[in-house]
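The sequence and the structure are shown below.

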Amino acid sequence: MPRLRWDIFCTVIDNFGDIGVTWRLARQLAAEHAADITLWVDDLASFARIAPALDPTLATQMLGDIHIRRWDKPFTSDFTPADVVIEAFACELPASYQQAMAARARKPVWLNLEYLSAEDWVAGCHGMASPHPRLALTKYFFFPGFGANTGGLLCEGCLLAARDAWQADRAAQDAYWQARGVPPCPAGGLRISLFAYDTPAAAQWSATLAAGTPPVQLLVPHGRVLSDVLAGIGISQPGHAGDVYQHGALSIYVLPMSDQDGYDRLLWSCDVNIVRGEDSFVRAQWAGRPFAWHIYRQDEDAHMEKLQAFLQHYLADVAAPTADAIRSFNLGWNRDHLPAEAWPQLLAALPAWQAHATRWPQQQLAHGDLATNLVQFTKKQLQ
């Protein structure tokens, strides 16, 4: 089969979440599946925060092997629809693009890449066809997920080997921390990364860390949660990248935003990670470290159902005391109230949690990764 052209459309929401997933997908499809990728993005400035080589002032450019085009609205670009078209996370394709798709003798494979969810209904909807009401086109719904009847999770073929090599290389990790102004961790201490939405739970937690044991180095990429973290130790002034704060047993290091590969190394280098959204959520799982998920808040607490569904999958084989501690911490964080006992209980569970976190990635890859499953699904539709 000749090399396929793929168009991926992404509307940037909440700065980094949607573009984070689509950028990783585009890179993997190009690198591992020889796909000719054009990535259409409506907000290049936000995109550039996680891809520093991108020039947000250019409407058309190459980033590695990938064509980047600014998605102007209204859509006025000259184009020829690709062989495979992905609308990421239900962003609506321009009407003129849909009409051009329908005009092709061989219709493109049209996919709606949905948000990740562990809910049971996902397996029943994955791969469903939706005929266009007016045009001779069919759209297929493709759901990432945690089971055999879903699209799986994004994971590059070399990722886990790269992680293992990094985690075994003490010199590389020492150089990494030194470059960020972070000294060696005290004996018995923990390094924890925190990339989360704003929440009162962060203030409650930082106060608990400062007053307790063991010593903790908290690595906070500059963002929305930082003011809450600082409020917990009595600081009301805004923090900036490069700032360091010391209060009791807690040391806070404010990091600049990094590219995606740099963020992976941060997750690999910490003992515990607290992450937000979807892209960071998946990367924390591949890190093989204990993690908590600050899920994107939705109306009527729909996000809590998604969190509970994931925890049911994640904790299915975990003994009750450890599972209870992990669940309590995740629920408290997402309900904006972290009980005082949640952190001590989690500390007691850390050894068992680490053992589970080490096993989890291979369990999830038993049914293939998202990019490979997408390619296989596409090939079936083109036969």
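In which sense, parallel or antiparallel, do strand 1 and strand 5 pair, and over how many bridges? Strand 1 and strand 5 pair in the parallel sense, over four bridges. The model under discussion is predicted.

## Strand pairing

Strand 1, which spans residues 5–10, is mostly covered, with five of its six residues buried. Toward strand 5, its residue Trp6 stands opposite Val84. Strand 1 also runs parallel to strand 2 (residues 36–41), to which six bridges join it. Within that pairing, Phe9 has Trp40 of strand 2 as its bridge partner.

Strand 5 (residues 84–88) is in turn joined to strand 6 (residues 109–113) by five bridges, and these two strands run parallel. Here Glu87 is placed opposite Asn112 of strand 6.

An open sheet of eight strands has the order 3-4-2-1-5-6-8-7, and its pairing is mixed. Strand 3 (60–63) and strand 7 (129–131) are the edge strands, each pairing on one side only. From one strand to the next, the twist averages 25°.

An antiparallel pairing occurs between strand 11 (residues 244–247) and strand 12 (residues 250–255), which are joined by four bridges. Tyr245 stands opposite Ile252 in strand 12. The two strands form a hairpin with two residues between them, and Gly248 in the turn has a positive phi of about 60°.

## Aromatic pairs and charges over rings

Across the whole structure, a search finds 34 aromatic pairs.

| Aromatic pair | Centre to centre | Angle between planes |
|---|---|---|
| Trp205 and Trp333 | 5.6 Å | 85° |
| Phe310 and Trp360 | 6.3 Å | 85° |

The pair of Trp205 and Trp333 links distant parts of the chain: Trp205 belongs to helix 7 (residues 200–211) and Trp333 to helix 12 (residues 320–334), 128 residues apart. Trp205 counts as buried because its relative accessibility is 1%, below the cut-off of 20%. Trp333 is likewise buried, with a relative accessible area of 1%.

Phe310 lies in helix 11 (residues 302–314) and Trp360 in helix 13 (residues 342–364), so this pair ties together parts that are 50 residues apart in sequence. Both Phe310 and Trp360 are buried. They also belong to one aromatic cluster, whose members are Phe146, Phe281, Phe291, Trp293, Phe310, Tyr314 and Trp360.

Charged side chains are placed over rings as well. Lys73 lies over the face of Trp71, at 4.3 Å from the ring centre, and Arg180 over the face of Tyr176, at 3.8 Å from the ring centre.

## Nonpolar cores

In soluble globular proteins, nonpolar side chains tend to be buried together. Which residues touch the most other members of the largest nonpolar core? In this core of 77 residues, they are Leu194, Trp205, Leu218, Phe310, Phe329 and Trp333. Helix 13 supplies the largest share of the core, eight residues.

The surroundings of Leu194 include both tryptophans of one tabulated pair. Apart from neighbours within four places in sequence, Leu194 is in contact with Trp205, Leu218, Leu219, Val220, Pro221, Val225, Val229, Ile274 and Trp333. A second, separate core has 41 residues, among them Leu25, Leu111, Leu113 and Tyr140.

Note on methods:
Residues are numbered from 1 along each chain as its sequence is written. This is a predicted model: local features need pLDDT of at least 70, side-chain atom pairs count only at pLDDT 80 or more; totals for chains, interfaces and linings use all residues. Side-chain values use heavy atoms; hydrogens and water are left out. Rings of Phe, Tyr and Trp (its six-membered ring) pair if their centres lie within 6.5 Å; planes under 30 degrees apart count as stacked, over 60 as edge-to-face and the rest as tilted. Buried means under 20% relative accessible area, exposed over 50%, partly exposed in between (1.4 Å probe, protein chains only). A charge sits over a ring if NZ of Lys or CZ of Arg is within 6 Å of the ring centre and within 35 degrees of the ring normal. A nonpolar core is a set of buried Ala, Val, Leu, Ile, Met, Phe, Trp, Tyr and Cys residues joined through side-chain atoms within 4.5 Å. Contact means heavy atoms within 4.5 Å. Two strands pair if DSSP finds at least two bridges between them. Axes are lines fitted to C-alpha atoms, for helices over the stretch in contact, and angles run from 0 to 180 degrees between N-to-C directions.
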